[in-house]
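Please keep the sequence and the model in view while reading.

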Amino acid sequence: MGFRLPGMFTAKQGAEAKNVPKGYLAVYVGEAQKKRFVVPISYLKNPSFQHLLSQAEEMFGFDHPMGGLTIPCTEEAFIDVTSSLNSS
């Protein structure tokens with residue numbers, strides 16, 4: 001089961017998973033199992049998203065176990081934050 005939010009999408013499996021469109025960045029979200037999301041870089045200037053980035057900095061510093069930006073929150077919390085960014 002899946003759903004799509006405007007401006008944000010989950011990455012596809014396989015070779016396409018490495019490709020990120022221009023103007024977007026990939027982030028890994030979740031507690032036990034990480035899910036990869038591709039979000040617009042415009043999210044970086046939003047205070048709510050910056051708070052998530054601060055949590056990532058506190059937990060991982062510059063050593064992200066997934067090889068990319070890992071945000072230490074539940075998938076539901078991440079979707080709540082990004083949903084509010086899409087509606088504004």
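## Aromatic residues

Rings of Phe, Tyr and Trp (for Trp, its six-membered ring) are taken as a pair if their centres lie within 6.5 Å. On that basis, Phe-37, Tyr-43, Phe-49 and Phe-78 form one aromatic cluster. Three aromatic pairs are found when the whole structure is searched.

## Basis of the model

The model is predicted; local features need pLDDT of at least 70 and side-chain atom pairs count only at pLDDT 80 or more, while totals for chains, interfaces and linings use all residues. Residues are numbered from 1 along each chain as its sequence is written, and side-chain values use heavy atoms, with hydrogens and water left out.

## Overall layout

The chain has two helices and four strands. These elements are DSSP runs numbered from the N terminus, with helices (H or I) of at least four residues and strands (E) of at least two. Along the sequence, their order is β-β-β-α-β-α.

Of the 88 residues, 35% count as buried. Buried means under 20% relative accessible area, exposed means over 50%, and partly exposed lies in between (1.4 Å probe, protein chains only). Contact means heavy atoms within 4.5 Å. Among contacts between residues at least 6 apart in sequence, 54% join residues at least 24 apart.

## The helix pair

Helix H1 spans residues 47–60 and helix H2 spans residues 75–87; their axes come within 9 Å and cross at roughly 150°. The axes are lines fitted to C-alpha atoms over the stretch in contact, and angles run from 0 to 180 degrees between N-to-C directions. Angles under 35 degrees count as roughly parallel, over 145 as roughly antiparallel, 65 to 115 as roughly perpendicular and the rest as oblique. H1 and H2 are therefore roughly antiparallel to each other.

Which residues make the contact? H1 contributes Ser-48, Phe-49 and Leu-52, and H2 contributes Phe-78, Val-81, Thr-82 and Leu-85. By class, the contact of H1 with H2 has five nonpolar, two polar and no charged residues. Here Ala, Val, Leu, Ile, Met, Phe, Trp, Tyr, Cys and Pro count as nonpolar, Asp, Glu, Lys and Arg as charged, and the others, Gly among them, as polar.

## Loop residues

Ile-41 sits in the loop between strand S3 (35–40) and H1. Ile-41 counts as partly exposed because its relative accessibility is 45%. Leaving aside neighbours within four places in sequence, Ile-41 is in contact with Gly-23, Tyr-24 and Leu-25.

Glu-31 is placed in the loop between strand S2 (24–29) and S3. Is Glu-31 buried or exposed? With 59% relative accessibility, Glu-31 counts as exposed. Beyond neighbours within four places in sequence, Glu-31 is in contact with Cys-73 and Thr-74. Glu-31 and Thr-74 are 43 residues apart along the chain, and their C-alpha atoms are separated by 5.8 Å.

Pro-21 lies in the loop between strand S1 (9–10) and S2. At 35% relative accessibility, Pro-21 counts as partly exposed.

Methods. Phe/Tyr/Trp six-rings, centres within 6.5 Å; stacked < 30°, edge-to-face > 60°.
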